[in-house]
Amino acid sequence: MVEAADGGSPSLKNTVNVEVTIINVNEHAPAFIPPNGAYACSLPEDSALNAVCDQTIVATDADHEGEEVSYRLLGGNGLFEIDAITGIVVTAGLLDRELKVSF
Ligand SMILES: [Ca+2]
Ligand SMILES: [Ca+2]
């Protein structure tokens, strides 16, 4: 509330309510919440397509507003896909341990 007073004698005053709305600034990058500090997932090399990695990627955004975090997989040689919304990683190709052991 703000009060205004004039310089008269006696001074006359009036008040008004002031509502301040705080506008969010995007100052926080998404933070991953990995179990034990990092994600690890093991899949047998004979996994079918769309085999689900047993660890879901989870990140949160401390800004809350507009915190819909989306995911994108970098690397993986096209053998994996991540759901942009759920963070679930699935196989998108056939794995061959004799060709590559880990990603
Ligand atoms: Ca943010
Ligand atoms: Ca913020």
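Author: Happy to! We will look at the whole chain of this predicted model, and then at a single residue.

Reader: Which pattern does the protein chain follow along the sequence?

Author: Start by counting the elements: the protein chain has six strands and zero helices. Reading along the sequence then gives the pattern β-β-β-β-β-β.

Reader: What radius of gyration does the protein chain have, next to that of a compact globule of 103 residues?

Author: Look at the box first: along the principal axes, the C-alpha atoms fill roughly 95 × 25 × 20 Å. For a compact globule of 103 residues, a radius of gyration near 13 Å would apply, but the protein chain has 27 Å.

Reader: How much of the protein chain counts as buried?

Author: A residue is buried if 20 or more other C-beta atoms lie within 10 Å of its own. Of the 103 residues in the protein chain, the share that counts as buried is 2%.

Reader: Is Val16 buried or exposed?

Author: You can find Val16 in strand β2, which covers residues 13-16. The cut-off for exposed is 12 or fewer neighbours. Because Val16 has 8 C-beta neighbours inside 10 Å, Val16 counts as exposed.

Conventions. Residues are numbered from 1 along each chain as its sequence is written. Chains are lettered from A and ligands numbered from 1 in the order in which they are written. This is a predicted model: local features need pLDDT of at least 70, side-chain atom pairs count only at pLDDT 80 or more; totals for chains, interfaces and linings use all residues. Helices (H or I, at least four residues) and strands (E, at least two) are DSSP runs, numbered from the N terminus. The radius of gyration is taken over C-alpha atoms; the globule rule is 2.2 Å times the number of residues to the power 0.38.
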